Amino acid sequence: MLVTIQKHVFETMDDERLLIVCNETIAHQVDKKMVRISTDIFYTLTEGQRSLFLFQTFARHLGPQGVYGWFCHLEYIFAHGPFWNVVDVYMRRVAGEQVSTFFIQLKDLRDRMTEIAQRNGRKICDYFGEHMSEYPDLQHEMKELDQIVITLFPELRSAIARDIRKHPEQFVVWHL
């Protein structure tokens, strides 16, 4: 699922365009009717492609609801252990400890919120949509993570783009 591209085009792309182009083949493999990516497809990707796919998925779902929106719309990612292994290993290598720590905090917060919601027989969005004000500590943590995302994601985008340029073989095949 590598992208076929001319080397001079690859070399002249800005970071944002590079990430989009390198993720296109993955996005086309994901059935638009599926709620989540098939683990079969996920395991055919290189380490870099897996991480890029996850980053692009998180970035696409970072809307006005911030981190809370991820919990609501990306449940399949949070519930799937291999996705977190990719985040931990790749993000730590490419972007450093701060990024890895952010994702560990994010997963921990989500796990605690899931436990509370399940005790009440509901999903995170269903339960916390009505009862968030009853959990000021969780609200505060979410706001802190939302603030971290604002500065972290542009840095992470640049780090992934640098990694793509450093290891193009994980993402592209040169078109002659």
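Contact here means heavy atoms within 4.5 Å. This is a predicted model, in which local features need pLDDT of at least 70, side-chain atom pairs count only at pLDDT 80 or more, and totals for chains, interfaces and linings use all residues. Residues are numbered from 1 along each chain as its sequence is written, and side-chain values use heavy atoms, with hydrogens and water left out.

**Nonpolar core**

- Met-113 touches Tyr-68, Phe-71, Ile-124, Phe-128, Met-132, Leu-138 and Met-142, with residues up to four places away in sequence not counted.
- Met-113 is also listed with Trp-70, Phe-103, Leu-106 and Phe-128 as touching the most other members of the largest nonpolar core, which has 57 residues.
- Helix H10 supplies the largest share of this core, 11 residues.
- A nonpolar core is a set of buried Ala, Val, Leu, Ile, Met, Phe, Trp, Tyr and Cys residues joined through side-chain atoms within 4.5 Å; buried means under 20% relative accessible area, exposed over 50%, and partly exposed in between (1.4 Å probe, protein chains only).

**Helices H7 and H10**

- Helices are DSSP runs (H or I, at least four residues), numbered from the N terminus.
- H7 (residues 81-95) packs against H10 (residues 136-166) at an angle of about 90°, and the axes lie 9 Å apart.
- Axes are lines fitted to C-alpha atoms over the stretch in contact, with angles from 0 to 180 degrees between N-to-C directions.
- The two helices, H7 and H10, are therefore roughly perpendicular (65 to 115 degrees).
- On the H7 side, Tyr-90, Met-91, Arg-93, Val-94 and Ala-95 meet Leu-156, Ala-159, Ile-160 and Asp-163 of H10.
- By class, this contact of H7 with H10 has 7 nonpolar, no polar and 2 charged residues (Ala, Val, Leu, Ile, Met, Phe, Trp, Tyr, Cys and Pro count as nonpolar, Asp, Glu, Lys and Arg as charged, the others, Gly among them, as polar).

**Salt bridges**

- The whole structure holds 11 salt bridges, each a side-chain nitrogen of Lys or Arg within 4 Å of a carboxyl oxygen of Asp or Glu.
- Glu-47, Arg-93 and Asp-163 are linked in a salt-bridge network.
- Arg-92 and Glu-97 form a salt bridge (2.8 Å, N to O); Glu-97 is partly exposed at 46%, and Arg-92 is partly exposed at 32%.
- Asp-111 and Arg-110 pair at 3.1 Å, N to O; Arg-110 is buried at 6%, whereas Asp-111 is partly exposed at 29%.
- Arg-119 and Glu-115 meet at 3.7 Å, N to O, and are 4 residues apart in helix H8 (residues 97-119), about one helical turn.

Notes: Parallel < 35°, antiparallel > 145°, perpendicular 65-115°, else oblique.
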